[in-house]
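Good morning. I will walk through one structure, helix by helix, and then look at a few single residues. Please keep the picture in view while I talk.

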Amino acid sequence: MRDVTLLDIFDHRITQKYLNRSGLAHAIAVAYHAFNLAREQGEDADAAAKAGLLHDMGHFTWYRNGKWDYDLYRKNDIHPIKGAERAHKLLIRLGENPVKAKTISLAILFHTDSFLPTNDIVRTPLQQIVKWADEMDEEEGGLHHYRKIEYERARQSIIKLDEKIDDAQFENKKSV
Ligand SMILES: [Fe+2]
């Protein structure tokens, strides 16, 4: 049994607020990619899916005159830091295991090199998975942040992914 499900996270108003800002469709796609990669590599699929879902929750909207301003964004963005902090606070509030909350939060912190002075950090397998999962869903010009999904369809995808995580954990237990 997991302490917190993806649906618990998805239904929280903080998640809704920030994921609607950075793109709900993208968040769900990255959660699925991260889950699949973790399954292939024998990593924690639950932590991967949660980090994937929340990885962009630190985004601020850098608008100037009603349009996204990429120069401002590149100069000022710290979304991985903010995202790691917001996700950690949310997960602890929901009752997540603190070790897992830290693991997820760090995977969010290192999901991109965009804010780091160099791009030579050594990632854990889980951190690498979340970075790859994000890149798998990236579209030119940041368009992945604007892809739309209906709320009810999004919620159903989350419920499906929760089932997949539970099945995966059940199988893991059987094979031990
Ligand atoms: Fe992303």
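Helices and strands here are DSSP runs numbered from the N terminus, with a helix (H or I) having at least four residues and a strand (E) at least two. This is a predicted model, in which local features need pLDDT of at least 70 and side-chain atom pairs count only at pLDDT 80 or more, while totals for chains, interfaces and linings use all residues. Residue numbers start from 1 along each chain as its sequence is written.

Let me begin with H2.

H2 itself covers residues 13-22, and its buried residues are Thr-15, Tyr-18, Leu-19 and Ser-22. (Buried means 20 or more other C-beta atoms within 10 Å of the residue's own, exposed means 12 or fewer, and partly exposed is in between, with C-beta atoms placed from the backbone.) Those four cover an arc of only 100° around the axis, so they sit on the same side of H2. The arc is taken over the directions from the helix axis to the C-beta atoms. As background, an α-helix has 3.6 residues a turn, so residues three or four places apart point the same way. On the other side of H2, the exposed residues are Arg-13, Lys-17 and Asn-20. What do the buried residues of H2 pack against? They pack against H1 (6-11), H3 and H6, where a contact means that two C-beta atoms, placed from the backbone, lie within 7 Å.

Now the helix pairs. H6 (residues 79-94) and H7 (residues 98-109) have axes that come within 8 Å and cross at roughly 160°. The axes are lines fitted to C-alpha atoms, for helices over the stretch in contact, and the angles run from 0 to 180 degrees between N-to-C directions. H6 and H7 are therefore roughly antiparallel. (Under 35 degrees counts as roughly parallel, over 145 as roughly antiparallel, 65 to 115 as roughly perpendicular, and the rest as oblique.) On the H6 side the contact includes Pro-80, Ile-81 and Leu-91, and on the H7 side it includes Pro-98, Ile-104 and Leu-109. By class, the residues of this contact are twelve nonpolar, three polar and no charged. (Nonpolar covers Ala, Val, Leu, Ile, Met, Phe, Trp, Tyr, Cys and Pro; charged covers Asp, Glu, Lys and Arg; the others, Gly among them, are polar.)

Next, H3 (residues 24-41) and H8 (residues 125-136). Their axes are 8 Å apart and the packing angle is about 135°, so H3 and H8 are oblique to each other. Val-30, His-33, Ala-34, Leu-37, Ala-38 and Gln-41 in H3 meet a set of H8 residues, including Trp-132, Asp-134 and Met-136.

Ala-29 has 22 C-beta neighbours inside 10 Å and so counts as buried. The C-alpha atoms of Ala-29 and Met-136 are 8.9 Å apart, although 107 residues separate the two along the chain. Ile-28, also in H3, has 26 such neighbours and so is buried. Beyond four places in sequence, Ile-28 is in contact with Leu-53, Ile-149, Ala-154, Ser-157 and Ile-158.

Last, the loop between H4 and S1 (63-64), where Asp-56 is found. Is Asp-56 buried or exposed? Asp-56 is buried, with 24 other C-beta atoms within 10 Å. Its contacts beyond four places in sequence are Ser-22, Gly-23, His-26, Ala-27, His-79 and Gly-83. His-59 lies in that loop as well, and is partly exposed, with 19 other C-beta atoms within 10 Å. His-59 touches Arg-21, Ser-22 and His-79, again not counting residues up to four places away.
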